[in-house]
Amino acid sequence: NGQRCTAIKLVMVHESIADAFTKRVVELVSDLKQGLPWEEGVSITPLPEPTKPSYLEELIADAVSKGADIINSEQGGGTLSGALFTPAVLYPVRSSMRVFQEEQFGPVMPIATFSDVEEVHTAIKDSWNGQQAAVFTSDTTGKSSGPMIDRLSTVVGRININTQCARSPDSFPFAGRRSSAMGTMSIVEALKGFSVETVVSYSASNDLSSLIANGLDKESNFLAKL
């Protein structure tokens, strides 16, 4: 139901492929099965927060009043049945709209367009978010994605290339910056949090010390290789 920290918060797509992209998104969203979490094949479930539906409706109303459309309205996008909110795809979204700036944390997918990559850079610079970003490209030279990675490297905790944002603290560091998160979550970081580091040092310029140190890993359990 979009209530996941790595769920899509904002999509920026080049205007040259926007029509084909939005058409495909509507098709895919329409295929998502709705129901209860324990039902087989269900992707969209009721929202647990009682105030969330009204907040999402506020974001949608603001966007629509400023020129966006619910482009999957014919498929029920944006409708509410109890706590079950049918995903709404909003397009075209602009920076003046609340949904461009605020984290909806729910089944509302805002799609904005850009003609020049500098527009994306500006959005990155102005954003308060800093958890993850996904860069999709067919440029194998890296000339378009390289500068984007450089911009994102000091802003987010993870950059995904041609793959969606995802949690993976058991495999990779799961980090965040800005107002999204503080610090890093991973198995390694968790072990460090419950550990006290011990340093064994010696003078590398002293031949005897170097000789002793080089053999210690064979006799010391602490220094033995894992």
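Analyst: This is a predicted model. T198, F222, A224 and L226 line the second largest pocket. That lining divides into 3 nonpolar residues, 1 polar and no charged. The space in this pocket is about 180 Å³.

Now the core. The largest nonpolar core has 16 residues, and L90, V93, V99 and V108 touch the most other members. The most comes from α2, with 4 residues. As a general rule, nonpolar side chains in soluble globular proteins tend to be buried together.

Take V99 as a way in. Neighbours within four places in sequence are set aside here. V99 is then in contact with L59, A63, L90, V93, V108 and P110. Three of these contacts, L90, V93 and V108, are also among the core residues that touch the most other members.

Next, the sheet. It is open and has 4 strands, in the order β1-β6-β5-β2, with mixed pairing. The edges are β1 and β2 (69-70), each of which pairs on one side only. In general, the strands of a sheet pair through backbone hydrogen bonds, either parallel or antiparallel.

β1 and β6 pair in the parallel sense, over 4 bridges. V11 has I111 as its bridge partner in β6. Strand β1 spans residues 11-14, with V11 and V13 on its covered face and M12 and H14 on its uncovered face. Side chains in a regular strand alternate between the two faces of the sheet.

Y91 and P92 are joined by a cis peptide bond, with omega about -5°. P92 sits in the loop between β5 and α3. The loop between α3 and β6 holds F105. F105 is not a glycine, yet its phi is positive, about 45°. Its relative accessible area is 26%, so F105 is partly exposed.

N162 lies in the loop between β8 (158-161) and β9 (174-175). With a relative accessible area of 41%, N162 is partly exposed.

One more local site is worth a look. S210 lies in helix α7 (residues 207-219). The cut-off for buried is under 20% relative accessible area. S210 has 16%, so S210 counts as buried. Beyond four places in sequence, S210 is in contact with Y202, S203 and A204.

Follow the contact to Y202. Y202 is in the loop between α6 (187-193) and α7. Y202 is partly exposed, at 45% relative accessibility. Residues up to four places away again left out, Y202 touches S209, S210, A213 and N214. Y202 and I212 are 10 residues apart along the chain, and their C-alpha atoms are separated by 9.2 Å.

Conventions
Residues are numbered from 1 along each chain as its sequence is written. This is a predicted model: local features need pLDDT of at least 70, side-chain atom pairs count only at pLDDT 80 or more; totals for chains, interfaces and linings use all residues. Side-chain values use heavy atoms; hydrogens and water are left out. On a 1 Å grid over the protein atoms alone, a cavity is a set of points where a 1.4 Å probe fits but cannot get out, and a pocket is an open set with protein on both sides within 12 Å along at least five of seven lines; lining residues have an atom within 4 Å of a point. Grid points are joined across faces, edges and corners, and a volume is the space filled by probe spheres set on the points. Ala, Val, Leu, Ile, Met, Phe, Trp, Tyr, Cys and Pro count as nonpolar, Asp, Glu, Lys and Arg as charged, and the others, Gly among them, as polar. A nonpolar core is a set of buried Ala, Val, Leu, Ile, Met, Phe, Trp, Tyr and Cys residues joined through side-chain atoms within 4.5 Å. Buried means under 20% relative accessible area, exposed over 50%, partly exposed in between (1.4 Å probe, protein chains only). Helices (H or I, at least four residues) and strands (E, at least two) are DSSP runs, numbered from the N terminus. Contact means heavy atoms within 4.5 Å. Two strands pair if DSSP finds at least two bridges between them.
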